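Please look over the sequence and the fold shown below before reading on. The paragraphs that follow lead from the whole chain to some of its residues.

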Amino acid sequence: MSNKTTLGVTLIAVLAGGTALWLIHNRSEVSRASAAVAVTAPHPTAVAEEPKGGAAEAREMPGSPGDASRQPVGTKKTVLVADAGSPLRAGETWQYSATVSKLSSVANLLLKVAEKRNFLGKNAWHLQAFAHTENPLRMVFALDDQFDSYSDAATLVSMQYEMHLNEKGQTVDSVQRMSPAVREPAPANATAARVLPGTRDPLGMMQYLRTVDWAKTPEVRSPVYDGHKLYDVHAKLQARGEPVTVPAGKFNTYKIELQVLDNGAEMKDAHFILYLSNTEARLPVLLEAVMPFAVARVELVKAE
């Protein structure tokens, strides 16, 4: 399973500026079926370091792939009160459907704010995303993936990022502990990912965009680590009050352009826009991606 495939799948699952990337890196599957403000660096890098004594061990996965009760490596579950004023609420769930060109519902996606808890002695949000392809795409690219993020409650900076992938019959479990700058030893049951200070994972980045007051802040930037590589993501407000209609209903939205930079160079072969509801909740309503070979829409179907 290639790093490019994992990157794209992650980003489409969390709607953090990467539906285009997923499609770009998997254009052969799509073609056959139709016949994703912190410190920013110009040349970001990330290095995964495994613990001494062998490869990192993935934690056990009790229950179903969507089991939100699974414990992160090396922590105890502690329920905490949500921060006042934050749009995030424990138990929030959003269901999405992805359409590529004339192929409707090629994938179904689920985002979830599972809970707020103590993680490594700090307040953290446990965020989740689940992605499943549907026919006809599933006939050539069967995918059933889960992603878990433990992100700082105040900043959404990533503390630990987990990928539990099942793609084309191949399974991969990865648990990565974020380790900026300081050369801390890798934890016993995870891999230490050396990243820039302020780095977010894709799930944390999506939720971070909800915390931005777009009426006062027209642009934010953040390094984003997808589990393999570090990117620089720029989010710029394009319009306020933009009307959007999706299966979940009609919304007035903030229209936000998302730019993804790889080693300081913007990825030019895709253009994508994120729409957040113009409400206190700032719900991710729609993601549009326009590419040379396809147009994609990821639409909100239901919010709970």
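A residue is called buried if its relative accessible area is under 20%, exposed if this area is over 50%, and partly exposed in between, with a 1.4 Å probe and only protein chains taken into account. The model is a predicted one, in which local features need pLDDT of at least 70 and side-chain atom pairs count only at pLDDT 80 or more, while totals for chains, interfaces and linings use all residues. Residues are numbered from 1 along each chain as its sequence is written, and side-chain values use heavy atoms, with hydrogens and water left out.

Of the 304 residues in the chain, 53% count as buried. The accessible surface comes to about 12,800 Å², and 52% of it belongs to carbon and sulfur atoms; such areas come from the Shrake-Rupley method with a 1.4 Å probe, and for residues only the protein chains shown count as cover. The chain holds five helices and 15 strands, these being DSSP runs numbered from the N terminus (helices H or I with at least four residues, strands E with at least two).

The ring of Tyr208 has the charged end of Arg200 over it, 3.6 Å from the ring centre; a charge counts as sitting over a ring if NZ of Lys or CZ of Arg is within 6 Å of the ring centre and within 35 degrees of the ring normal.

In soluble globular proteins, nonpolar side chains tend to be buried together. With neighbours within four places in sequence left aside, Leu209 is in contact (heavy atoms within 4.5 Å) with Trp214, Val220, Ala235, Leu258, Leu274 and Leu276.

What is the relative accessibility of Arg210? Arg210 counts as buried because its relative accessibility is 0%, and its place is in helix α5, which spans residues 202–211. The side chain of Arg210 makes a polar contact with the side chain of Gln207 at 2.9 Å, and it also reaches the backbone oxygen of Pro87 at 3.1 Å. A polar contact is a pair of N or O atoms within 3.5 Å; within protein, one must be able to donate a hydrogen and the other to accept it, and residues adjacent in sequence count only if both atoms are side-chain atoms. Residues up to four places away in sequence not being counted, Arg210 touches several others, including Trp94, Val113 and Arg282.

Arg282 itself lies in the loop between β13 (271–277) and β14 (284–290). Its phi is positive, at about 45 degrees, although Arg282 is not a glycine, and Arg282 counts as buried because its relative accessibility is 13%. Leu120, in the loop between β3 and β4 (122–133), also has a positive phi, near 55 degrees, but Leu120 counts as partly exposed because its relative accessibility is 43%.

A search of the whole structure finds one aromatic pair. It is formed by Phe119 and Tyr150, which are stacked at 5.0 Å centre to centre with 10 degrees between the planes. Phe119 lies in strand β3 (residues 103–119) and Tyr150 in strand β5, so the pair ties together parts that are 31 residues apart in sequence. Rings of Phe, Tyr and Trp (its six-membered ring) pair if their centres lie within 6.5 Å, and planes under 30 degrees apart count as stacked, over 60 as edge-to-face and the rest as tilted.

Strand β5 (residues 144–152) also contains Asp145, which is buried, with a relative accessible area of 2%. The side chain of Asp145 reaches the backbone nitrogen of Asn166 at 2.9 Å.
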